[in-house]
Amino acid sequence: MSFVAGIDMGAKSTKVLILDEEKRIQGRSVVKTRVDFPAVAKEAVNTALQQAGLKEKDLSYIATTGFGRYNVPFRDIQITEITSVARGAVFLFPKTRCVLDIGAQSTRAMRILGTGKVQNFRTNDKCAAGAGGFIERAAKYLEVKIEEVGDLSIQATKPQTISSVCAVLAESEIINHVSSGEKIGDILRGVHNSLASRALALIKRAGLEDEVTFVGGVARQKGMVKALEETVKTKVNVSEEPDMIGALGAALLALRRLEKIRQDREKETTTEETRAV
Amino acid sequence: MTPLRKILCTESSNKQVVCHTRIVCKDVYYLNKIQELGIFTNSFLNLGKTHATTHSFHLNQYRQFGWHITCGKTIQRTDRNEQPFERSRDEMTSENFVDRYRELIEDPTFSRIVEWKANHSGSKIIGCYPVYTPVELIHAAGMLPVGILGGGNRLEIAHADSRFQSFICSIVKSTLELGLTGKLHFLDGIVFHSICDPARNLASVFQRNFPQMMVEFIHFPQNMVSPHTVKYLSAEYRRIKSAYEGLAGKAVTDEALRQSIRIYNEQRKLIRELYRIRSEKPHNLSTAECYVLNRIGTLLPVEEHIAIVKEAIAAINQRDEKPKDRIRVILEGSFCEQPPLELIEGLEAAGCYLLDDDFLQGWRWFLKDIPLDGEPIQNLARAYLDHSVFSGVKHDLREPKSKHLIDKVRETGANAVIILAAKFCEPALFDYALYRQALEREGIPHLYLEFEEKMWIFDKSRTEVETFVESMLFD
């Protein structure tokens, strides 16, 4: 049995997933991304290997993705987060033709084919207001743990408006809401709504399709999912671990490459045998 | 093992290293090492980005961390003991010409040419704005033609914005900025051509702002099928010739012109050879290297360039690199404005072998040699008409551009086309419409990217190219 690893090195956390040839998950890990990327990758892979009861040499192919994808020296291939997320999403939700990925620092929307091949995509500009980092700042300001944001937001009864497109200016809007005594949940939902409307613009530019699959760390927040559903007005798929989709897609592509390499080798052997005959 | 990340440096007199840093921090390990030196602040060092800045620091600071100076120009770290993992598998093992000549082509002060002028007193230099300059006429008059191709991404535009609108391409503004900041003081003349409206106006702006410079303008024929085209262009070249005879203070004989054509034919032959190697064995010669080797031809005397390229070809022929799993691409850009080297390198690193391009570097105007028999001026004019490399500014009804591109894809066996167009470049955008229709008709995958010479963040374009490559590799 061969095993492959998908490493998704994100701005906030590094996710690793180990798959066997039957596409079954054997090990996983999530480690906070620090400056020394190679060490972080090594640590995350070792944890996942331990869980799977495997050794480093058992990994036949390693695919990396995410913004630190080039910083893993022991990789076989690096894949963009757009390609890997698309593959992961279509594996879990075969009917999806549209994927939205909101991570800590960036947001991407893509239109894909049934095979998971990316047809068109758009990424956010270099601005914090469009990604998870913005929610984190808002949570910090409202003195709420990031894990609680989703549950507070979904309970909102009177979502507040955060209209500014700039994260810094949006913060002063949040302060205004706090000082006028608005509920924290309502403010957080306003933050989610603001993110959702920005995401909608990206999705539309990439090409909005019936079923949107929402992935990335931010998709863990229930309030955000609700806000997105209300904004895009279509079915929104969210898996149990939306932040692992990038690592999953990378691992699936690693399996594809491994298969291809084997086929090529077999072909070579057959040709050599034919020549020998 | 391969040499590791390099930092291009020049050593100054007091043992200080002036570091025109181009630190490609793709590798956190080195990023940490550089940070440990305490020379750069965090803001300069961002992952995956290339930064351009200038810093001074003491040599010993580097030595302390196992870096040492080689060739007096490059700081290179060779101590691998602290290396926690094996190297990534994507580095070329032989010496890279990009490292050797990067400084020469990216130096916005043209120090090499200034030095040349100081050593050749009385010699005149003519700046050549893109494209199709008949450099043989300049050479035959005993003057040095120098390519003036904008200011790259090391030049801050401060003055030129007051002369041109915000929707004008970067090369026009940065070329003017070079002039307005006194960096073109070594030029005795400059020549522009009828390639687009901003270039046309740039000639007039130069005339007004730099009265000491002889500003010439060549009107190229737009009608390639008229029987009078060669006659017209010959007359235009004769006009330029007599202007340069006046400036140089000597007559240009037919024999001298033939001799210049002969020398540039030799250069053309060598450049064709570089293009052939790159197209047939792109794993042995990267496009960034091919580009650099050609572009230095516009910054050095042709004789010197010929010697360099000869030597380079001999070295490249010794290479035996392992071909990588990459897609094979034709790069089309209607280039006048030049993309930053990092962008070209990024396209390749993202998984493309570029088999052909239209950078129009190294005076690569013509695909064939110019005949020596007959009247030389007429031969130059005919070469422009019949054998010039296609570009966004030449309109030839005899062969549609899109057909030319499709033929190029078929001939080289490329799988895809990347259109890399300069921001605000009208000819490139017009061409794109034609190319796109033809590529879609033929079912050839293609990607459109926009660039600016002054860009210095490449993450977005790199991710776009990588995603494009992956959509083909994992089809």
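Two residues are in contact if their C-beta atoms, placed from the backbone, lie within 7 Å. This report applies that criterion to the structure shown above.

## Basis of the model

The model is predicted: local features need pLDDT of at least 70, side-chain atom pairs count only at pLDDT 80 or more, and totals for chains, interfaces and linings use all residues. Residues are numbered from 1 along each chain as its sequence is written, while chains are lettered from A and ligands numbered from 1 in the order in which they are written.

## Helix pairs of chain A

Helices (H or I, at least four residues) and strands (E, at least two) are DSSP runs, numbered from the N terminus. Axes are lines fitted to C-alpha atoms, for helices over the stretch in contact, and angles run from 0 to 180 degrees between N-to-C directions. Angles under 35 degrees count as roughly parallel, over 145 as roughly antiparallel, 65 to 115 as roughly perpendicular and the rest as oblique.

In chain A, the axes of helix 6 (residues 184-206) and helix 7 (residues 222-232) come within 8 Å and cross at roughly 45°. Helix 6 of chain A is therefore oblique to helix 7 of chain A. Residues of helix 6 of chain A that meet helix 7 of chain A include Leu188(A), His192(A), Leu195(A) and Ile203(A); on helix 7 of chain A, the partners include Met224(A), Leu228(A) and Val232(A). The residues of this contact between helix 6 and helix 7 of chain A divide into 10 nonpolar, 5 polar and 1 charged. In this classification, Ala, Val, Leu, Ile, Met, Phe, Trp, Tyr, Cys and Pro count as nonpolar, Asp, Glu, Lys and Arg as charged, and the others, Gly among them, as polar.

Helix 2 (residues 81-92) and helix 8 (residues 245-276) of chain A have axes that come within 7 Å and cross at roughly 90°, which means that helix 2 of chain A is roughly perpendicular to helix 8 of chain A. Val85(A), Ala89(A) and Phe91(A) are among the residues of helix 2 of chain A that meet helix 8 of chain A. By class, the contact of helix 2 with helix 8 of chain A has 9 nonpolar, 4 polar and 2 charged residues.

## Domains of chain A

Chain A is divided into domain 1 (3-81 + 244-276) and domain 2 (94-238), with bounds that come from an automatic or database domain assignment. The centres of the two domains of chain A, taken over C-alpha atoms, are separated by 29 Å. In chain A, 5 residues of domain 1 are in contact with 7 residues of domain 2. The side of domain 1 of chain A that touches domain 2 of chain A has 2 nonpolar, 1 polar and 2 charged residues.

## The sheet of chain A

Two strands pair if DSSP finds at least two bridges between them. In chain A, 5 strands form an open sheet with mixed pairing, in the order 3-2-1-4-5. Its edge strands are strand 3 (25-32) and strand 5 (77-78) of chain A, each pairing on one side only. Strand 4 (residues 59-65) of chain A pairs with strand 5 of chain A in the parallel sense over 2 bridges; Ala63(A) stands opposite Ile77(A) in strand 5 of chain A. Helix 1 (residues 37-52) of chain A packs on this sheet and touches strand 1 (3-9), strand 2 (13-20) and strand 3 of chain A.

## The sheet of chain B

In chain B, 4 strands form an open sheet with parallel pairing, in the order 11-10-12-13. The edge strands are strand 11 (352-356) and strand 13 (446-451) of chain B. The twist averages 35° from one strand to the next.
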